[in-house]
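Reader: Could we go through this structure together? I would like to begin with the ligands and then turn to the protein itself.

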Amino acid sequence: MSNIKVVVAGPRGRMGSEALRMIEKHDDLNLVACLDMKHEGERIKDIPGLPAFDAKIFTDIDQCFQAVDADVLIDLTTPEYGYLHTKTAIQYGVRPVVGTTGFTSEQLAELTDLAEEKRIGAVIAPNFAIGAVLMMQFSKWAAKYFPDVEIIEKHHDQKLDAPSGTAVKTAELIKQEREKKQQGHPNEQETIQGARGANVDGMHIHSVRLPGLVAHQEVIFGSPGENLTIKHDSFHRQSFMSGIKFSIDHVMKLDVLVYGLENLLE
Ligand SMILES: NC(=O)c1ccc[n+]([C@@H]2O[C@H](COP(=O)([O-])OP(=O)(O)OC[C@H]3O[C@@H](n4cnc5c(N)ncnc54)[C@H](O)[C@@H]3O)[C@@H](O)[C@H]2O)c1
Ligand SMILES: O=C(O)C1=N[C@H](C(=O)O)CCC1
């Protein structure tokens, strides 16, 4: 499609503002509105630090979709609102491209069913960085040979959800290959609660939150006499933008919800 009409939810956020800069660089994308928590009725160009788009800001998603003809909603908000926005977009026939993380498996299942019922394409990807998608795929492959694995994810300290969406997705992919196993000593005991991190199917996820970090993950596989570490770092939020653009282009051709960019890549 040559002119895709896009709404961005969360335009003042770290990711939302980067998405606006990405849209500015693509002639085939047309920003028609934004969804924010404030600045009702103002224009994006009037918000300091944001690109000079004339797009109007709405604080109510129903009013937005009733007033504006949109093809795609890019959601980069919070787990609570990301879910509500995705559901509402599908109900209005607007295709969601969702980077927001922290959805429960029940919410993902509900949104998948809704998209199928409405025959609306949707993409929900916990990580739009191509390197991160490869890191997850390589980890899935390695898990076939190394069933002992721990995931260490590291993010900036303003992140709301833990573990990260990427770590949850990595564990899901690993689960598809790994023989079920409770790791560590069978009599292992935590003397301080949480010391061993989250337990997913017997494997452990550890979440680090520190200022200065962006988004980083190590997947460490252990076997007698050897370790394999698969590591990815996003040093800048630009790393997510080519995946968002790729998803916008693809979502226009979908009539189901796709969870994870790996399902769109060849
Ligand atoms: N999928 C990916 O590749 C990827 C990459 C980075 C971040 N993320 C996720 O994207 C989300 C946003 O991250 P961030 O670092 O930009 O956060 P942020 O806090 O910088 O931005 C979130 C923005 O959402 C806005 N917001 C909150 N509620 C809203 C509502 N009801 N309507 C409209 N706007 C609302 C806030 O005002 C804020 O500006 C998080 O869930 C994060 O985990 C995903
Ligand atoms: O900054 C964040 O928040 C990120 N969240 C994603 C996640 O939860 O996996 C990954 C990219 C950065």
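Reader: How far does a polar side-chain atom of His 156 lie from an oxygen atom of ligand 2?
Author: This is a predicted model, and in it the distance between a polar side-chain atom of His 156 and an oxygen atom of ligand 2 is 2.8 Å.

Reader: How much of ligand 2 does the protein bury?
Author: The protein buries 87% of the 310 Å² that ligand 2 exposes when taken alone.

Reader: Which residues are around ligand 2?
Author: Among them are Asn 127, His 155, His 156, Lys 159, Asp 161 and Phe 240. Thr 101 also belongs to that set, and an N or O atom in its side chain is 3.3 Å from an oxygen atom of ligand 2. Pro 126 has a polar backbone atom 3.5 Å from an oxygen atom of the ligand.

Reader: And ligand 1: which residues come nearest?
Author: Of the 23 residues around ligand 1, the nearest are Arg 14, Met 15, Thr 101, Ala 125 and Phe 128. The side chain of Thr 101 places an N or O atom 2.5 Å from an oxygen atom of ligand 1.

Reader: What does the backbone contribute at ligand 1?
Author: A backbone N or O atom of Arg 14 lies 2.9 Å from an oxygen atom of ligand 1, and a polar backbone atom of Gly 99 is 3.1 Å from a nitrogen atom of the ligand. Taken alone, ligand 1 exposes 860 Å², of which the protein buries 85%.

Reader: Changing topic: how many salt bridges does the structure hold?
Author: There are 17. One of them joins Arg 21 and Glu 18, with the closest N and O atoms 3.3 Å apart.

Reader: Why are Arg 21 and Glu 18 separated by about one helical turn?
Author: Because they are 3 residues apart in helix H1, which covers residues 14–24. Side chains of opposite charge can pair when their charged atoms come close.

Reader: Which residues gather in a patch of negative charge on the surface?
Author: Asp 113, Glu 116, Glu 117 and Asp 255 do. Asp 113 lies in helix H4, residues 105–118.

Reader: Lastly, the backbone geometry. Where is the cis peptide bond?
Author: The cis bond joins Ala 162 and Pro 163, with omega about -5°. Pro 163 is in the loop between strand E7 and helix H6.

Reader: What is phi of Arg 119 near?
Author: Phi there is near 55°, a positive value in a residue other than glycine. Arg 119 sits in the loop between H4 and strand E6.

Note on methods
Residues are numbered from 1 along each chain as its sequence is written. Chains are lettered from A and ligands numbered from 1 in the order in which they are written. This is a predicted model: local features need pLDDT of at least 70, side-chain atom pairs count only at pLDDT 80 or more; totals for chains, interfaces and linings use all residues. Side-chain values use heavy atoms; hydrogens and water are left out. Patches are made of residues with over 30% relative accessible area and no salt bridge: like charges are joined within 9 Å, nonpolar side chains (Val, Leu, Ile, Met, Phe, Trp, Tyr) within 5 Å. Accessible areas come from the Shrake-Rupley method with a 1.4 Å probe; for residues, only the protein chains shown count as cover. A salt bridge is a side-chain nitrogen of Lys or Arg within 4 Å of a carboxyl oxygen of Asp or Glu. Lys and Arg count as positive and Asp and Glu as negative; His and the chain ends are not counted. The place of a charge is taken as NZ of Lys, CZ of Arg, CG of Asp or CD of Glu. Helices (H or I, at least four residues) and strands (E, at least two) are DSSP runs, numbered from the N terminus. A residue is near a molecule or strand if one of its heavy atoms lies within 4 Å of it. A polar contact is a pair of N or O atoms within 3.5 Å; within protein, one must be able to donate a hydrogen and the other to accept it, and residues adjacent in sequence count only if both atoms are side-chain atoms.
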